[in-house]
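Work through the two exercises below with the model open beside you, and try each task before reading its solution.

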Amino acid sequence: MTETLILKNARVIATMDDDGQEIEQGYVLVRGNRIEAVGPMADCPDDADRIIDLTGHVVIPGLINTHHHMFQSLTRALPAAQDGELFDWLSALFPVWKNITPAMQRAASRTAMAELMLSGCTTAADHAYLHVNGITLDDSVQAATEMGIRFHGARGAMSLGQSKGGLPPDELVEQDEHAILRDMQRVVETHHDHSPDAMIRVALAPCSPFTVTTDLMREAAIMARSLKVGLHTHTAENWKDLAFSKERYGMTPTEFTEDVGWVGDDVWHAHCVHLDDAGIALFARTGTGVAHCPCSNMRLASGIAPVRKMLDSGVKVGLGVDGSASNDTGNLMDEARLAMLSARVRDQNPGAMTAREALRVATRGGAEVLGRGDALGRIQPGYCADIVAFRTDDIAMAGGQSDPLASLVFCTPPRVNWSIINGRVVIEEGNLLTRSLPHIIEEQNRMAELLTR
């Protein structure tokens with residue numbers, strides 16, 4: 001018999017449904033891994049296999065991270081890379097990353113996933129473009145399964161080394177693009193789940209125009225469509241990115257993405273800080289998504305993406321924390337705050353993004369970007385039970401009780417109190433249940449020391 005779970009007495013539930021419904025003193029009924037009902041406490045059933053009292057909590061759909069490089073959590077705040085823009089930053093880190101092992105990759109992924117989950121994230125996409133020393137996407141999938149997070153593994157690749165005009169050193173790239181494509185097909189066939197409530201999905205993700213060839217971009221797009229999986233890459237991140245595209249390909253990033261077939265509702269691009277008006281119109285027209293990474297963009301002085309213009313034009317936009325060597329944290333709620341604040345700074349307009357808009361981008365927006373808008377991102381009957389709850393009596397929320405939902409963004413509580421992923425409680429009273437957090441931290445620090453000493 002399918003188990004039932006009731007979340008009751010929530011101070012406010014932000015459903016993120018089409019009407020933007022917010023339910024005060026509400027409940028959610030979960031049956032198995034699906035939401036069966038949501039409404040006011042007057043309609044709450046009396047019995048369930050488990051009942052959780054969420055008095056004094058704000059309840060929202062689980063946050064969705066659309067762009068990450070989880071291996072980078074091993075090299076946070078590395079002195080040599082603290083003050084460089086994108087290309088200099090990468091050049092400082094490439095010599096370190098070439099020594100990452102599969103065990104380090106798994107440890108880094110567990111760290112990144114734990115940090116995301118504790119910030120309220122329930123679904124994460126990882127752009128895994130580093131394949132050295134035997135690392136495969138299977139390492140990331142293993143970590144996700146252990147942690148209990150919903151996972152989109154993007155099988156990335158770098159194939160264009162310095163000797164061929166690319167940015168990464170030759171020893172860090174995969175030279176054989178036919179082998180890359182074979183492994184892309186393998187990981188899709190091994191791990192991808194097409195079902196609406198899938199816990200594991202795979203996308204194909206050549207890293208960027210300055211790290212792979214045009215042939216690989218085109219061939220990956222053809223393969224992704226034949227296998228019916230998503231496509232992901234970096235686009236228009238900073239001014240050097242733009243200059244490289246024009247010098248090597250004779251095109252703007254917008255022209256390049258269209259030329260290689262990288263537009264459509266199965267594609268999402270990270271950053272797009274310098275996406276031009278033609279690119280915004282192209283993405284809106286084709287249903288192409290954007291992973292907005294405000295902290296990383298500011299950390300690397302890349303600029304601030306024109307998110308207000310994107311949203312107003314109908315572009316699908318989600319949030320990404322990006323790698324933890326260009327963000328140095330993996331707090332997705334904080335990323336929502338930065339998305340709101342940076343939009344206001346860019347447009348010099350306090351109305352450029354509201355707190356509720358930021359939460360929508362972080363939840364429903366991310367689901368749409370990842371092609372999961374029919375199952376994730378809402379607290380609505382029929383949707384997957386990915387639900388998080390924050391206490392309103394935390395010190396971060398003290399004095400912010402007049403609008404506790406907006407206070408989640410403006411005040412940013414440091415840790416989620418409850419998290420349910422696919423109907424399973426994975427965080428209870430602020431404690432991660434799926435793995436030992438002290439063990440994750442100890443292993444991560446040990447691996448990082450081995451890597452960077």
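The exercises that follow concern a predicted model, and each task is followed by a stepwise solution.

**Exercise 1.** Determine how helix α11 (residues 332–347) is oriented against helix α12 (residues 355–369), and describe the contact between them.

*Solution.* Begin with the axes, which come within 9 Å of each other and cross at roughly 130 degrees. Angles over 145 degrees would count as roughly antiparallel, and those from 65 to 115 as roughly perpendicular, so α11 is classed as oblique to α12. Next take the handedness, which for the crossing of α11 and α12 is right-handed. Then list the residues in contact: α11 contributes Met333, Ala336 and Met340, while α12 contributes Ala355, Ala358, Leu359 and Ala362. Finally, sort this contact by class, which gives seven nonpolar residues and no polar or charged ones.

**Exercise 2.** Which residues of helix α8 (residues 277–286) are buried, and what covers them?

*Solution.* Taking under 20% relative accessible area as the cut-off for buried, one finds that Gly279, Ile280, Leu282 and Phe283 of α8 are buried. Viewed down the axis of α8, these buried residues lie within an arc of 165 degrees, and therefore they line one face of the helix. On the other side of α8, Asp277 and Arg285 are exposed. Among the elements that cover the buried residues of α8 are α7 (253–259), β11 (267–271), β12 (289–292) and α10 (307–313).

Terms used: Residues numbered from 1 in each chain as written. Predicted model: local features only at pLDDT ≥ 70, side-chain atom pairs only at ≥ 80, totals over all residues. Heavy atoms only, no water. Axes fitted to C-alpha atoms, helices over the stretch in contact; angles between N-to-C directions. Helix = DSSP H or I, 4+ residues; strand = E, 2+ residues; numbered from the N terminus. Parallel < 35°, antiparallel > 145°, perpendicular 65-115°, else oblique. Left-handed = near helix turned anticlockwise from the far one by under 90°. Contact = heavy atoms within 4.5 Å. Nonpolar A, V, L, I, M, F, W, Y, C, P; charged D, E, K, R; others polar. Buried < 20%, exposed > 50% of the residue type's maximum accessible area, 1.4 Å probe, protein only. Arc of directions from axis to C-beta.
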